[in-house]
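Please read them alongside the sequence and the structure shown here.

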Amino acid sequence: ELTKGVNGLEKVLLREVRGSSAEVYLYGGQVTSWKNDHGEELLFVSSKAIFKPPKAIRGGIPICFPQFANRGSLEPHGFARNRFWSIDKDPPPFPAATSSRAFVDLILKPCEEDLKIWPHSFEFRLRVALSPCGDLMLTSRIRNTNTDGKPFSFTFAYHTYFSVSDISEVRVEGLETLDYLENKERFTEQGDAITFESEVDKIYLSTPTKIAILDHEKKRTFVLRKDGLPDAVVWNPWDKKAKAMADFGDEEYKHMLCVEAAAVEKPITLKPGEEWRGRQELSAVPSSYCSGQ
Ligand code: TA6
């Protein structure tokens, strides 16, 4: 269902029969809400988020394409999150994976301005879907539609902001002992779950398909499953950086954590006609099923 959101920006509401729901703004192709069947909001959107182009909406799931962070000549995180996407009325057949009935297909193609800063033709199709049990599934299909025979390379991330009750009581499992990049230097993570006492901004490399984010107070575990996205970025700005962001509350770092399915270390290269797929599935389960899994 297409409706008007903040500042009149259009958004699509998705509702699953058992009560879970999601919202996707056409601006940025950005999910800004994912609620479970009790109506609890599972994603973080800053109370100071500016729903006004060209600023990206602070929270939900920004799409970082064709560049992650400042790893290239474009603005940080590329331009897909700063553009208006369209509803894709006749998407090519999607992989059977989504058994969902609650979904929307969006499409982004470069405008003249984009082609000046990133001279490549592409079709970026994004499907946002809710599974019957309320999991949130994002599937990106990016095709090189260059007619000049030129390949292109890009980096990518689903910059997911999870809502947590208290960052100092959150653990991340699945990234132990992995190598990670921090300020462009390479380190190796220690052997047990990641906890948070200060700013974290790390790009974990060649990570497993499943990562768990445990929220102790809520007795809830987010499970992030990914495919086609080898890396995972973990980010919490903490107090100093939080104060420096105009569209982020000074205390809000306590109630969010970004864990981002990404392809950063090795850019993805597509020849004309080739298509890449990157998927992430998020579920929120009572922690009793998940600890130690
Ligand atoms: O994903 C982590 C990161 O690259 C951080 O370095 C921080 O810059 C964050 O993204 C937010 O970026 P943004 O451009 O949305 O303010």
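**Ligand site and cysteines**

1. An oxygen atom of the ligand lies 2.6 Å from an N or O atom in the side chain of Asp 201. Taken alone, the ligand exposes 390 Å², and the protein buries 76% of that area. The model is a predicted one, and the distances and areas in this note should be read accordingly.

2. A polar side-chain atom of Arg 81 is 2.9 Å from a ligand oxygen atom, and for a polar side-chain atom of His 159 the distance to an oxygen atom of the ligand is 2.9 Å.

3. As to location, the ligand sits in the largest pocket. The residues surrounding the ligand are Arg 58, Phe 68, Ala 69, His 77, Arg 81, His 159, Asp 201, Val 233, Trp 235 and Glu 260. Sorted by class, this shell comprises four nonpolar, two polar and four charged residues.

4. Cys 111 takes part in no disulfide, and the nearest cysteine sulfur, which belongs to Cys 64, is 18 Å away; a pair would have to lie within 2.5 Å to be counted.

5. How exposed are the cysteines Cys 111 and Cys 133? Cys 111 is classed as partly exposed because its relative accessible area is 34%. Cys 133 has a relative accessible area of 57% and is therefore classed as exposed, the threshold for that class being over 50%.

Conventions:
Residues numbered from 1 in each chain as written. Predicted model: local features only at pLDDT ≥ 70, side-chain atom pairs only at ≥ 80, totals over all residues. Heavy atoms only, no water. Near = heavy atom within 4 Å. Polar contact = N/O pair within 3.5 Å; in protein donor to acceptor, adjacent residues only side chain to side chain. Areas by Shrake-Rupley, 256 points an atom, 1.4 Å probe, with all protein chains shown as cover. 1 Å grid on protein atoms, 1.4 Å probe; cavity = no way out; pocket = protein on both sides within 12 Å on 5 of 7 lines; lining within 4 Å. Sits in = over half its atoms within 2 Å of the grid points. Nonpolar A, V, L, I, M, F, W, Y, C, P; charged D, E, K, R; others polar. Buried < 20%, exposed > 50% of the residue type's maximum accessible area, 1.4 Å probe, protein only.
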